[in-house]
Amino acid sequence: MTDLQRLQATQQFHVRQRVRLMVNQYEVRAVNADGSEGEMIAFAQQKRMAFKEQVTLYTDDSKQVPVLGFKARQIMDLGATYDVTDPNGAPIGLFRKDFKASLLRSTWIVEQPQVGEVRGQERSQVVAILRRFVDSLSWLPYHFDFVTPSGETVFSVVKQWGFRDKYVVSVPNPHIDRRLVIAMAVALDALQSR
C-alpha cells in the first residue's frame with residue numbers, strides 16, 4: 001500500500017496548531033484505533049500577514065518532502081479561491097469562502113472533480129455570531145459540517161477547547177481526497193478570521 005493509499009484510507013485525523021511567534025505551524029496526525037494521536041501525516045508552516053496566501057504541507061517538520069499545497073488565486077480577496085495541488089503542481093481540487101453567506105455564519109465551498117461541490121458551514125448560528133461580534137469570545141470552539149447538495153456529510157471539522165487550537169477531522173466519505181480535506185482543515189484555522 002502506498003503512502004497516498006494509506007492516507008486515503010484514513011477516516012479521522014487531528015490538526016494541532018503549534019504556538020510560534022512569527023509563523024503559524026500545524027501538525028496533522030492520524031488517529032489510532034484507541035483515539036490517540038498516531039503518526040504525522042503532514043506539517044505546515046504559514047507566514048503571518050502574507051499578501052498572497054500560499055501554504056505548503058510536508059511529510060514532517062524537516063520540510064524536505066512536500067505532500068500538497070494550497071495557494072490563493074487573488075491577492076487579498078475576501079472571497080478568494082484557493083487551488084490545492086499535489087507536490088508536482090497537479091490540481092487536486094479547490095476551496096473558497098462564500099463571503100455573503102459568511103457574514104453571519106462562516107461558509108466554505110470545497111470542489112473536487114468526480115465528487116462535486118460540498119458546502120461547509122458552522123453548525124451553531126449562536127456561536128458563529130458570538131465569535132464575530134464579541135472579540136473576547138473568538139476562541140470559542142466551532143463545528144463545520146461539509147455536505148453535498150443532497151445532505152450527505154462528506155467530512156466534518158470540530159475545533160476543540162484548549163490553550164492551543166486542535167481540530168478533530170472526520171471523513172466518512174471514501175471518495176474525497178484526504179489531501180483536499182487536510183488543506184481545508186488547516187485553512188479553517190489559518191484563514192477563518194479573515
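This is a predicted model: local features need pLDDT of at least 70, side-chain atom pairs count only at pLDDT 80 or more; totals for chains, interfaces and linings use all residues.

Residues are numbered from 1 along each chain as its sequence is written, and side-chain values use heavy atoms, with hydrogens and water left out.

- Strands of a sheet pair through backbone hydrogen bonds, either parallel or antiparallel.
- In this model, 12 strands close into a barrel, in the order β1-β2-β3-β4-β5-β6-β7-β8-β9-β10-β11-β12, and the pairing is antiparallel.
- From one strand to the next, the twist averages 20 degrees.
- Strands (E, at least two residues) and helices (H or I, at least four) are DSSP runs, numbered from the N terminus.
- Two strands pair if DSSP finds at least two bridges between them.

**Strand β12 and its partners**
- Of the 5 residues in β12 (residues 166-170), 4 are buried, meaning under 20% relative accessible area (1.4 Å probe, protein chains only).
- β12 pairs with β1 (residues 12-18) over 5 antiparallel bridges, and V168 is the bridge partner of H14.
- β12 also pairs with β11 (residues 153-160) over 5 antiparallel bridges, where V158 stands opposite V168.

**Strands β6 and β7**
- β6 (residues 81-85) and β7 (residues 91-97) run antiparallel, joined by 5 bridges.
- In this pair, T81 of β6 stands opposite R96 in β7.

How values were computed
Buried means under 20% relative accessible area, exposed over 50%, partly exposed in between (1.4 Å probe, protein chains only). Axes are lines fitted to C-alpha atoms, for helices over the stretch in contact, and angles run from 0 to 180 degrees between N-to-C directions.
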